[in-house]
Structures are given as C-alpha cells and as structure tokens.
Amino acid sequence: MSSDICVRVNNVHKSFQRGDEILHVLIGLTLEVPEREFLGLMGPSGSGKTTLLNLIAGLDTPDEGEVWVRDQCISQMNESRLAEWRTRNLGFIFQFYHLLPVLTAYQNVELPLLLLPLSGRQRRQQVLAALDIVHLSDRIHHKPGQLSGGQQQRVGIARAIVTDPALIVADEPTGDLDAHSAEEILDLLGELRNSMQKTIVMVTHDPRAAARADRILHLEKGRLVDEAPEAARLAGRG
Amino acid sequence: MKFMLLVLQNVRRNKLRTTLTCLGTMVLVVVVTLVWSVLTNLQAQLDQDKSKMKAIVTERWRIPSQMPYAYARGLSEGAARKEGDIRPEDSMSWSFYGGSTDPEKRTRESMLFAIAMEPRKMTTMLDELDDLPDSQAQELKRVADAMEKNVQAIIVGKDRLAALKRRVGDRFKLTSINYKGIDLEFEILGVFPPGRYDQSAIMNIEYLNRSLEKYERETGRKHVQADRSMNLFWLVVPDTAAFNKISGQIMESPDYKAPAVRVETLAAGVATFMEPLKDILWGMRWLLAPAVLATLSLVIANAISISVRERYTEFAVLKVLGYKPWQILTIVLCEALIIGTLSGLLSAALTWLVVNHVVGGLPVQLGFFGKFYVPAAAFWWGTAVGAGTALVGSLLPAWTACRVRVAQVFARVA
C-alpha cells in the first residue's frame with residue numbers, strides 16, 4: 001500500500017438480512033483516502049455511508065473486499081485484534097457524543113488510555129493536553145449532564161484524539177448541535193487536520209459541514225456517485 | 001484496578017436500585033445464615049470430639065426414660081465388676097424437677113424446670129460450663145461448692161430469674177408438677193454465665209433424694225417417682241474402644257435389667273432425638289437453603305440485567321474505544337461482585353451481632369439443646385454466598401453485555 005494513503009477500501013460488498021429480504025448496502029465500493037485528508041461522505045439515508053464508516057473504523061467486517069488502514073488489513077482482523085487496533089489507531093466522534101454520564105470530562109477522556117501501558121502521570125498529561133486542545137481545561141471535573149451539547153462534543157473529540165490516532169472518523173459530529181456550536185466543532189476538526197496532521201473521514205448530511213472537507217464523496221444505493229468539493233463549498237457559503 | 005473507578009461509578013449510578021438489590025441480598029443472606037447456623041449447631045452435636053466421648057445411658061423401652069437413682073452408683077463405675085473392666089473418666093446423673101412458684105396458677109413466667117445433679121459436676125460435665133474464662137469458672141466453682149454444702153441452693157439462668165422476678169439471695173418455693181406432693185423450697189445462690197443456660201436451673205440431687213425419703217417416712221409409702229427419679233446418665237470415655245467396652249459391661253450386668261437400659265453415644269442419642277425432625281432438617285438443608293440461593297441469584301440477575309439493558313450503548317462505546325469483550329464482561333461481573341460481596345458480609349456481620357450479642361442466641365426450643373448461636377464462620381460463608389450468587393446471577397447479563405454488536409446498537413440509536 002502506498003505510504004501516502006491512509007485508508008484504502010477495495011471492492012467492498014456489504015449486505016444485511018432483514019426478514020426474508022437481503023439489503024445490499026455497499027456494492028463493490030472502492031476508495032482511497034490520502035494521509036492528512038479531510039474527507040466528507042454524503043448521501044441520503046440508507047445510502048451506506050454509516051456502514052462504510054463502520055467498516056473503516058473496524059466496527060464491522062465486509063462480506064467481500066478489503067479495508068486497509070495504512071499498512072494493516074483491518075478487514076482480516078479478529079475482534080480482539082480490532083479492539084487493540086482501534087485503541088491505538090482510531091478516534092471515533094459520535095453524533096450524540098456518547099459520553100459515560102457517571103464519569104467526569106476528565107474520566108471520559110481517560111477511558112481509552114486505561115487500555116494502554118501508561119503510568120498515571122502519563123495518562124494525566126495526555127488527558128489534560130487533549131482537553132486543552134478542545135479548550136475545556138476549565139471543565140475537567142464536570143460530568144456530561146453539566147455541559148452543553150457543544151462542550152460534550154468537544155469532550156468527545158478530546159476522547160477521540162487522546163491516544164494520538166492517525167485516523168479520526170466522525171459520524172455526523174454536528175448533527176445534534178446548534179449552528180454556533182457546529183461551527184466550533186468544525187473549526188476544531190479543521191485544526192486537527194491542519195495542526196495535528198490527522199486524517200479525517202466524516203459522514204454528514206449538512207452541506208456546511210461538508211464544505212469544510214477537502215473532498216466530498218456522495219454515496220447512493222451503496223455506490224460512490226460523484227466527487228464534488230466545489231459544489232459543497234459553495235453550498236456551505238450559501 | 002484501573003477499571004475500578006468505572007465499576008464503582010456504575011454501582012453508584014442508580015442508588016435506589018443498588019440499595020434495593022443490596023437489601024434483597026441481605027435479607028436472603030440472613031435467611032441462609034440462620035438456616036445454616038441451626039444446621040451447623042445440630043451437626044456440632046452429632047460430631048462429638050472423638051477423644052472425649054460422652055456415652056448416654058437411658059431406659060431402654062420407655063420414653064421418657066425413668067430409671068432408679070440406685071443405678072447411679074454402679075453406672076458411675078461403668079458397671080466394672082471384674083479384673084480387666086474399665087471405668088469412665090467422669091460421669092453425671094440427670095434428673096428433672098419442675099414446678100411453679102404460684103401454687104394456684106401455672107404460667108410460663110412462674111414455671112421452673114431444674115436439672116437435679118451433683119453440683120460439682122457442673123464445671124466438668126456440662127457443655128460450655130466446662131470451658132469458661134477463668135473469672136467465670138471460679139465464680140461457678142464457688143457456687144457449686146456452696147451448693148454441695150447447702151442442698152436447698154439453686155443456680156438459675158438470668159432470663160429465667162428475670163421471668164420469675166427473683167434475684168440472687170431470694171428464697172422461693174416450687175409446687176411440683178412432676179413430683180406430686182414434693183414441693184421444695186430453694187435459695188438462689190448464683191446465676192449462670194450468660195449464654196446457653198439463660199433459661200435453665202440446677203439443683204442438688206441430694207435435696208430431691210432426701211425429700212423422696214422424707215415423703216416415704218411421713219406417708220409410710222414410697223413416692224410414685226421414687227424408683228424412677230433418674231432420667232439420664234452420662235459417662236465420659238476416652239475413645240470409641242473404651243465406649244464399646246463400658247457399653248458391654250453395662251449391658252451384660254444383671255444390675256440394669258429392671259428396668260433395662262441402653263447405652264449409646266451422645267451423638268447417637270441426639271440423632272435418635274432428632275429422628276422426628278429429620279424431614280424438616282432435610283427440607284431446610286436441601287430445599288429451603290438452595291431455594292433461597294436460587295432466589296438470591298435471580299434478584300441479582302434481574303438487577304444486573306436491567307442495568308445492562310440500560311447501558312447497551314455505553315458498552316458499544318467502550319468497544320469502539322478499544323475495550324475487549326472480556327474487559328466488558330469483567331466490568332459487569334465486578335459490579336455484581338461488589339454488590340453481592342459487601343451485602344453478604346454486612347448481612348452476615350449484622351446477623352452474627354444481633355443474634356449472638358443483642359438477642360443472646362437463637363431461642364430454638366429443641367430438647368436440651370439450649371440456644372443456638374451464629375458461628376463466626378458466618379462471616380466468610382455469608383460473604384461467599386453473596387459473592388457466589390452475585391457471580392452466578394450476573395453471568396448471563398455480563399455475557400450479553402460483552403456480546404453487544406456495535407453496528408447494531410448505533411443503528412438503533414440513530
């Protein structure tokens with residue numbers, strides 16, 4: 001695999017059984033995401049974009065084809081190896097944040113680090129650094145219920161970057177936020193790409209969010225249909 | 001250990017549910033602890049110390065056993081008659097004298113049943129009184145010595161004394177219910193150390209024997225109980241071989257044929273006494289205790305299942321973050337174990353404290369057993385019951401949690 005390609009999806013098929021019916025969600029899909037690219041995935045509901053995101057994140061396996069992230073074929077890994085791989089190589093940002101309500105912001109961000117062989121001091125340094133990046137150093141002892149939606153999503157982003165992964169996937173990260181908070185989150189994602197050299201794959205319905213991406217791919221009925229960065233940027237400005 | 005904070009936070013998450021689960025666990029551990037305490041106490045009676053066995057001599061064909069007191073002298077020698085015969089290490093006779101302090105009305109409060117025996121045998125033959133702390137042993141010996149000199153003296157347990165509304169130094173008269181016409185007057189010389197003998201009393205057998213003789217002198221005829229005043233006779237033998245030998249000596253002796261006697265180990269005697277209760281005890285051991293354990297597992301399984309169902313999304317998030325199934329399984333099992341272990345330990349400790357030190361023993365009215373106590377072992381078995389049932393009850397919910405399929409969970413959430 002070429003060293004400047006972060007994600008390669010190669011002729012992937014994925015289908016689900018619903019009752020007697022078989023739904024072909026992804027059909028021979030192939031794509032490459034270069035290192036440090038901010039890729040937007042758009043498409044109508046049921047087009048397969050979340051399924052594609054799950055495959056890239058190693059949360060699901062394809063029926064056919066391969067998914068490579070850097071030099072590792074994650075579609076061949078078993079559940080245990082995938083879990084280890086995700087801890088070190090992947091940050092996931094959810095639409096609904098999915099912070100653990102019983103834990104503080106600090107403890108939520110610390111969760112992935114508990115899986116790594118780090119001392120308490122090292123963990124603390126990394127958690128504080130991640131919370132600093134998302135400008136929440138003054139909220140570390142707050143629980144999710146005490147934070148706004150935008151702040152919760154920023155904690156979610158800190159949790160996604162705390163292990164310093166190369167790849168960040170975001171599933172509609174602004175879908176549950178007001179316009180102002182959404183802008184802040186998109187600014188943060190841009191900063192991650194620009195300052196921290198992260199590769200970002202983002203699923204979104206929001207044209208303004210998509211406009212922040214370097215490239216936008218449209219999915220329809222399990223296939224990529226076009227590539228339209230300029231149109232999206234224009235839509236974002238409009 | 002790194003996950004312990006998460007486990008503890010989850011336990012604290014729904015305080016009402018955790019509290020109710022703990023309370024349910026505690027109630028059921030109390031039941032198990034009490035049932036097992038009774039069974040353990042009974043088993044202890046059956047498992048005599050083989051290095052110091054007690055043999056029990058009773059009338060062979062009649063219940064209740066009633067033998068002539070004249071048997072006592074020969075039995076105390078183990079019926080040894082010829083060379084090669086052996087003698088017991090110690091012995092005591094048991095006679096029971098009961099009556100009421102109120103000649104008109106017999107109430108529970110006015111009744112007193114006393115063991116008539118040689119007072120000096122109290123400190124060597126009676127369970128628990130033969131193993132007292134020094135200060136209590138000295139006081140008991142002082143009372144026993146005084147009772148040897150004063151045949152009208154009696155020693156009474158604290159609860160019985162309170163029921164009779166008497167105190168040490170008081171004199172009182174009993175109108176007998178099992179020795180008609182022989183009403184005895186007593187002087188209270190002491191109180192038993194708190195515990196097994198709180199409802200008991202011991203009088204000097206010499207007083208009963210003298211009274212029976214006096215009755216004969218005054219009426220010109222023997223009292224109907226005169227030749228039936230000894231109910232039991234205990235012998236201490238060093239081992240099973242000595243028991244078999246002495247048992248043979250007694251059974252072969254012509255002195256104990258009218259009425260005939262039988263000799264058995266105390267454990268066998270207890271077992272015979274327990275025979276009518278064996279179905280109840282079997283039910284307690286094999287039905288009640290397992291049913292309680294199963295219920296306990298279900299209570300915990302239910303609580304943990306609800307908790308797991310509510311947190312499918314969180315488990316999926318943990319998986320996304322890189323948590324492996326066994327780590328999620330461990331987190332859920334640890335939550336249940338914390339609840340079960342702490343509840344079990346607390347419950348056992350409270351049961352032990354309340355039964356042994358507040359109530360003063362379980363008032364199980366079973367023959368001559370006295371009160372039952374919760375053994376110190378309840379601390380570990382209560383904890384083990386809580387932990388074990390929590391573990392069993394949480395296995396399925398924990399397995400469900402660790403098998404959560406991330407893609408399905410988030411498809412539902414979206």
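How high is the average pLDDT of chain A, and what percentage of its residues score at least 70? Chain A averages a pLDDT of 88, with 93% of the residues scoring at least 70; pLDDT is the predictor's confidence in each residue, on a scale from 0 to 100. For chain B the mean pLDDT is 87, and 95% of its residues reach 70 or more. The complex as a whole receives from the predictor an ipTM of 0.89 and a pTM of 0.69.

The model is predicted, so local features need pLDDT of at least 70 and side-chain atom pairs count only at pLDDT 80 or more, while totals for chains, interfaces and linings use all residues. Residues are numbered from 1 along each chain as its sequence is written, and chains are lettered from A and ligands numbered from 1 in the order in which they are written.

Chain A holds an open sheet of four strands in the order β2-β1-β4-β5, with antiparallel pairing. Here helices (H or I, at least four residues) and strands (E, at least two) are DSSP runs numbered from the N terminus, and two strands pair if DSSP finds at least two bridges between them. At the edges of the sheet are β2 (21–34) and β5 (72–73) of chain A, each pairing on one side only. Strand β1 (residues 5–18) of chain A joins β2(A) in the antiparallel sense over ten bridges; A:Phe16, for one, has A:Leu23 in β2(A) as its bridge partner. Strand β1 of chain A also contains A:Asn11, a residue other than glycine whose phi is positive, near 50°. Across β1, β2 and β4 (64–69) of chain A lies helix α1 (residues 49–56) of chain A, which runs at about 125° to β1(A). Such angles run from 0 to 180 degrees between N-to-C directions, and axes are lines fitted to C-alpha atoms, for helices over the stretch in contact.

Turning to the interface, 20 residues from chain A and 19 residues from chain B take part in the contact. On the side of chain A that touches chain B, helix α2 (residues 79–89) of chain A gives the most, with six residues. By class, this side of chain A has eleven nonpolar, five polar and four charged residues; Ala, Val, Leu, Ile, Met, Phe, Trp, Tyr, Cys and Pro count as nonpolar, Asp, Glu, Lys and Arg as charged, and the others, Gly among them, as polar.

Within chain B, helix α10 (residues 278–310) and helix α12 (residues 325–359) have axes that come within 11 Å and cross at roughly 140°. The pair is therefore oblique, the class left for angles that are not under 35 degrees (roughly parallel), over 145 (roughly antiparallel) or 65 to 115 (roughly perpendicular). Residues of α10(B) in this contact include B:Ile300 and B:Ile304, and those of α12(B) include B:Val332 and B:Glu335. Helix α10(B) also packs with helix α13 (residues 378–402) of chain B at an angle of about 40°, their axes 8 Å apart. By class, that contact has 13 nonpolar, six polar and no charged residues.

Two cis peptide bonds complete the picture of chain B. One joins B:Ile63 and B:Pro64, with omega about 0°, and B:Pro64 sits in the loop between β1 (53–59) and α3 (71–76) of chain B. Another joins B:Ala258 and B:Pro259, with omega about 5°.

How values were computed
Two residues are in contact if their C-beta atoms, placed from the backbone, lie within 7 Å.
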